[in-house]
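Open the model in your viewer and keep the selection panel at hand. The stops below say what to select and what is there.

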Amino acid sequence: SAVISQKPSRDICQRGTSLTIQCQVDSQVTMMFWYRQQPGQSLTLIATANQGSEATYESGFVIDKFPISRPNLTFSTLTVSNMSPEDSSIYLCSVDMASQPETQYFGPGTRLLVL
Amino acid sequence: QKEVEQDPGPLSVPEGAIVSLNCTYSNSAFQYFMWYRQYSRKGPELLMYTYSSGNKEDGRFTAQVDKSSKYISLFIRDSQPSDSATYLCAMRGNTNAGKSTFGDGTTLTVKP
């Protein structure tokens, strides 16, 4: 299994500012992902965080808005840039240990409110 | 139209009731069908998954997949107050490790 921690757990930010969310895993993992869960809506994949190279973004998400770093196999950051109230959401880090459903784990999430 | 549609809920049932949670989907490439449980202020945790069609039982929980109808269900027998949570269906293809498509979730409350 994998234990995932995220920082911060929650934050309230002003529009136009940026917030960086950290994800730390207790073991080395190949695949790390960032999801967004908007109020009352499903989880949506933002991007795959690739170690040592640029992240792979899903349709509708761009690097300028959501820059991602993955310096090693246990850590990743997601930045939400130039925030607007529409960015208010829960941001979840996820890892997949072995390409199987039973080996995918989610972090506790970061609750972001943009005023 | 969304790739995965989940019965919206919320659902409120008395303790001991049988609960049925359902999702439909449109992508024929989906091969893994998962159910996650998410408690308030927590990340989703995998409850059960099924590969391709069929049924799978784990204690009080039964997952069913009907690929011909593109329809999946999760049944909870003898529901308990501790089952109160949001349940998310999720699906992915064989090669999309970690990249699942989720339903919107159904919030279940089991009243003692």
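**Stop 1: a cysteine on its own**

A disulfide here is a pair of cysteine sulfur atoms within 2.5 Å. Cys13(A) is buried, with a relative accessible area of 8%. Buried means under 20% relative accessible area, exposed over 50%, and partly exposed in between, with a 1.4 Å probe and protein chains only.

This is a predicted model, in which local features need pLDDT of at least 70 and side-chain atom pairs count only at pLDDT 80 or more, while totals for chains, interfaces and linings use all residues. Residues are numbered from 1 along each chain as its sequence is written, chains are lettered from A and ligands numbered from 1 in the order in which they are written, and side-chain values use heavy atoms, with hydrogens and water left out.

**Stop 2: the disulfides**

How many disulfides are there over all chains? A search of the whole structure finds two. A disulfide is a covalent bond between the sulfur atoms of two cysteines.

Select Cys23(A) together with Cys93(A), whose sulfur atoms are 2.0 Å apart in a disulfide. Their link is left-handed, with -65° about the S-S bond. Cys23(A) lies in strand S3 (residues 19-25) and Cys93(A) in strand S9 (residues 89-96) of chain A, so the pair ties together parts 70 residues apart in sequence. Strands are DSSP runs of E with at least two residues, helices are runs of H or I with at least four, and both are numbered from the N terminus. Cys23(A) is buried at a relative accessible area of 0%, and Cys93(A) counts as buried at 0%.

Now go to chain B and select Cys23(B) and Cys89(B), which form a disulfide with sulfur atoms 2.0 Å apart. This link of Cys23(B) and Cys89(B) is left-handed too, with -100° about the S-S bond. Cys23(B) sits in strand S3 (residues 19-25) of chain B and Cys89(B) in strand S9 of chain B, so the pair ties together parts 66 residues apart in sequence. Cys23(B) counts as buried at 1% relative accessibility, and Cys89(B) is buried at 0%.

**Stop 3: a serine in a loop**

Stay in chain B and select Ser79(B), in the loop between strand S8 (71-76) and strand S9 (85-92). Is Ser79(B) buried or exposed? At 0% relative accessibility, Ser79(B) counts as buried. Leaving out residues up to four places away in sequence, Ser79(B) touches several residues, including Pro14(B), Glu15(B), Arg60(B) and Val110(B). Contact means heavy atoms within 4.5 Å.

**Stop 4: a surface patch**

Return to chain A and select Ile12(A), Leu113(A) and Leu115(A), which make a nonpolar surface patch of about 280 Å². Leu113(A) is found in strand S11 (residues 110-114) of chain A. At 39% relative accessibility, Leu113(A) counts as partly exposed.

Patches are made of residues with over 30% relative accessible area and no salt bridge, where like charges are joined within 9 Å and nonpolar side chains (Val, Leu, Ile, Met, Phe, Trp, Tyr) within 5 Å. A salt bridge is a side-chain nitrogen of Lys or Arg within 4 Å of a carboxyl oxygen of Asp or Glu. Accessible areas come from the Shrake-Rupley method with a 1.4 Å probe; for residues, only the protein chains shown count as cover.

**Stop 5: chain A as a whole**

Select chain A, which has zero helices and eleven strands. Buried residues make up 51% of its 115 residues.
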